[in-house]
Amino acid sequence: MIPQMNRIGGHLLAATFRGFGIHAKVMDTYKGLDLGKKFTSGKECYPCQITTGDILYFMEKERERLGDAFDPERYIYFMPESSGPCRFGMYNKYQRIVLDSLPELSRLKIGSLTTDDGYSLSGIIDKGRVRDLRKAAYFSVVVADVLDRLLWRIRPYEEDPGTTDTFIERSMHVMEDVFEEFGPEKAFDRILDQMEVIIEKAKGLMDPRIPRKPLIGIVGEIYLRSHTHANQDLIRVLEKYGAEVVNASIAEWMNYISYDRLREAKIAFGLSMKQLRFGPMKKQIKKILGFGSELYYQEFRQKKVYDRLTSMIDLAGDHKVGDLEKVLRKDDLFSFDAGTEACLSIPGIVEYAHEGYNGVVNVYPFTCMPSTITSSIIRPRMDELGIPYLDTPCDESIQPGREAAIRTFMYQGYQHFKQYGRKAF
Ligand code: SF4
């Protein structure tokens, strides 16, 4: 069972798993929020409440569907985790406590992939196939990013309202079949052939008479910025007030995890060398080679996808994590030593500003540590750069002034657009 963060990404990932013979399914999301709130105290991060609700709701429905045949031991709930200073690493531990407190669900397993090994996927499939599954899964993440970007590129310019949403939903299902069939043999070119067909059709939905609109970048906490229910459909609201939007990608986070593990291994190697500890040095070299080749592979694969598909339509590309670290170092804004998503959001915003975006929105769960840090560091910088900037912290409550704030922000974005134009991809 895969929790739904970004809808397209979850479905393509599940399809890839199915291609490898793993019976994977994306759980409905946000329907069990009441259950999530019932089993949390309110101090947990909002994504933890949502995903706790998702799993409890899913299991409740399964029990209703199967009756006496329901056996929780036949399910594995897939929840990635992360080490580091923020609370993401505690979600699955907290959810374990919740499940253990419910006698009928205590036998339900949680598959907790960890950033410690760069989400290696070992443990859910035969060792010999882990590498292929990991490659195909990463590819599904990149293709899902492109499909999302296609949606945001086409929808503000669609001729008939609603057609883009319907088209992209249909395309997602087509791509699920494609990933199931071609993912296991890593026939990536065949997968991209189908993406080309989709892009060609999507272009036909646009009304060429609609002029380009102000370009708004989104950064923030990965779950909130990707989960349309949780962020109260932020992109659609921005579009309603005249924006074309680019959200930070999911592949960027995957690349960051590999980059950060590589960076840690290099630092540890340097320390061991100073202390002449040869045993640890050997281990660190192995890690450096492993994470180094993984990062190289991911960035190479991602570039190939974008090079091929953006020759058909002008979609935004992705930042390289190494370049983002240089941005932080240059302006001495933050350090990768501190970790978390702030490492991507802060330089990501600066890059958006330099590239000619007309405004940036930071979206995050209320009380989220990395995003609050981002906000505190970036606000004065944005004032210096003269770029409209908006924080949109979210929980499940509807804030009465939110839409007015977005509308005002978009007015500023439009003024910026009129004065300076916008980035062309
Ligand atoms: S990134 Fe923010 S919301 Fe996510 S676990 Fe960390 S503190 Fe919580």
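The following exercises, with worked solutions, concern a predicted model.

**Exercise 1. Disulfides**

Find how many disulfides the model has, and explain the case of Cys-394.

Solution. 
- A disulfide is a covalent bond between the sulfur atoms of two cysteines.
- The cut-off for such a pair of sulfur atoms is within 2.5 Å.
- For Cys-394, the closest cysteine sulfur belongs to Cys-368, and the two sulfurs are 11 Å apart, so this pair is too far for a bond.
- The count for the model is 0 disulfides.

**Exercise 2. Around the ligand**

State which residues surround the ligand and how they divide by type.

Solution. 
- The cysteines listed around the ligand include Cys-45, Cys-86 and Cys-368.
- The list also holds Arg-87, Phe-88, Tyr-91, Glu-221, Pro-365, Met-369 and Pro-370.
- By type, the shell has 8 nonpolar residues, 2 charged ones and no polar ones.

**Exercise 3. Positive phi**

Describe the phi angle and the setting of Leu-276 and of Thr-340.

Solution. 
- Most residues other than glycine have a negative phi.
- Leu-276, not a glycine, has a positive phi of about 55 degrees.
- Leu-276 sits in the loop between α10 and α11, and is exposed at 58% relative accessible area.
- Thr-340 also has a positive phi, near 75 degrees.
- Thr-340 sits in the loop between α12 and α13, and is buried at 11%.

How values were computed:
Residues are numbered from 1 along each chain as its sequence is written. This is a predicted model: local features need pLDDT of at least 70, side-chain atom pairs count only at pLDDT 80 or more; totals for chains, interfaces and linings use all residues. Side-chain values use heavy atoms; hydrogens and water are left out. A residue is near a molecule or strand if one of its heavy atoms lies within 4 Å of it. Ala, Val, Leu, Ile, Met, Phe, Trp, Tyr, Cys and Pro count as nonpolar, Asp, Glu, Lys and Arg as charged, and the others, Gly among them, as polar. Helices (H or I, at least four residues) and strands (E, at least two) are DSSP runs, numbered from the N terminus. Buried means under 20% relative accessible area, exposed over 50%, partly exposed in between (1.4 Å probe, protein chains only).
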